[in-house]
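Hi everyone, thanks for making time this morning.

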Amino acid sequence: MAARQMAAPRDRSAPPPAVIFAAAGLAVASAVELLILRTFTRTAIHIPGITALREPYEALSLGGRYAYFVSVALLLIAVPVVAWVLWRRRDPVHRGMAIALGSFGLLSGLAALGAADRFALDAATSGAVAVIAIGGAVLSRGRWPSLPIVLFALAFLLSASHTLAQTMAQEGLATFGTGGALNAAELAGVAFACSVPLLARGTVDRTATLVGVAVSAVTFAAFLGNGGATARFLLLWNEGLSGAMPSIAYAVAAGCLATAFVALLRARNGLAAAGLVLLVTGGIGLHSTYQSSLALTGMSLLALALAGPAGHAAIAQSTNAGPTRRAAVTS
């Protein structure tokens, strides 16, 4: 028995604790950056008498810039580390996801040095989103929990197709009409947010529901104020959605996101909660390398969180099917 226990392989299903802590730190830093730099500083100009609060405003802005630099520094660590964790799983699905994430990281570095153009980076980003979404769906413990990550990828790719088509047109390569893709991305993005509670299926309690209702009410009120112009501007700038749908749709979507996040935290599923935050802070579409890094890291963390023992067992069974069958014949 002791020899059998010593020979048993170490369980690799759970990511190292350091990865979970790094993911949580990245989620917090990117959320602070989103709230301060991409939200507050863009709406502060509409606050009456903001000039009288110059010093507090500058201090808060400094905190937002610091959160941005912390988030970028953590991304430089998180992207290769998460790719390494995926690679260590050793099955083709995880390793395909690791290669996709690693390729994005490599092209991002080359683009920063001027050795790769924007079109190549955008194409690699879109390919990585597709590969990680497919891998997360294959590894998921069930069909429904993987739906949010698939819908997010669909919205991202539809939005990215418009950006890629514009780049191709500017370079004289080809011209495509992609107006319909943006409308479809809007629908898929809202559907993603509304489906997010499936990630916390079975753990949504009264507290999570009440928080979701409160967030929905606040979001709906924001869309009513000033004709919804400011809310729609921030939605487009931060999340890549135009706000063309009825305000109630975005209110429900925000409430579902809040409900799922609280439910995941209360269920102590920090990896999935961090991944969900990174999808929100990253946004839908090709905004910048920074936001694409957040979105891809969030997708990878959710794929790791969705992959349960059943998924690992199925991969191991398919990998060892040949030797097992031969052993049965020889016996």
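Let me start with a question for you: is Ser242 buried, partly exposed or exposed? Keep in mind as you look that this is a predicted model.

Here is how I read it. Ser242 has a relative accessible area of 38%. Buried would need under 20%, and exposed would need over 50%, so Ser242 counts as partly exposed.

Where does Ser242 sit? You'll find Ser242 in the loop between α9 and α10. Leaving aside residues up to four places away in sequence, Ser242 touches Glu186, Arg232 and Leu236. Take Glu186: 56 residues separate it from Ser242 in sequence, yet the two C-alpha atoms are 7.2 Å apart in space. There is also a contact on the local side, where the Ser242 side chain reaches the backbone nitrogen of Ala244 at 3.4 Å.

Next, two arginines to look at. Most residues other than glycine have a negative phi. Arg90, in the loop between α3 and α4, has a positive phi near 70°. Arg268, in the loop between α10 and α11, also has a positive phi, of about 60°. How accessible are they? Arg90 has a relative accessibility of 60% and counts as exposed, and Arg268, at 80%, counts as exposed too.

Finally, a word on confidence. The protein averages a pLDDT of 83, and 82% of the residues score at least 70. Confidence is highest in α10, at 95, and lowest in helix α1, at a mean of 38. Two stretches call for a comment here. Over residues 1–12 the pLDDT stays under 50, and the model has four contacts for them beyond four places in sequence. Residues 309–331 are also below 50, with eight contacts in the model beyond near neighbours in sequence.

Definitions and conventions: Residues are numbered from 1 along each chain as its sequence is written. Side-chain values use heavy atoms; hydrogens and water are left out. Helices (H or I, at least four residues) and strands (E, at least two) are DSSP runs, numbered from the N terminus. Buried means under 20% relative accessible area, exposed over 50%, partly exposed in between (1.4 Å probe, protein chains only). Contact means heavy atoms within 4.5 Å. A polar contact is a pair of N or O atoms within 3.5 Å; within protein, one must be able to donate a hydrogen and the other to accept it, and residues adjacent in sequence count only if both atoms are side-chain atoms. pLDDT is the predictor's confidence in each residue, from 0 to 100.
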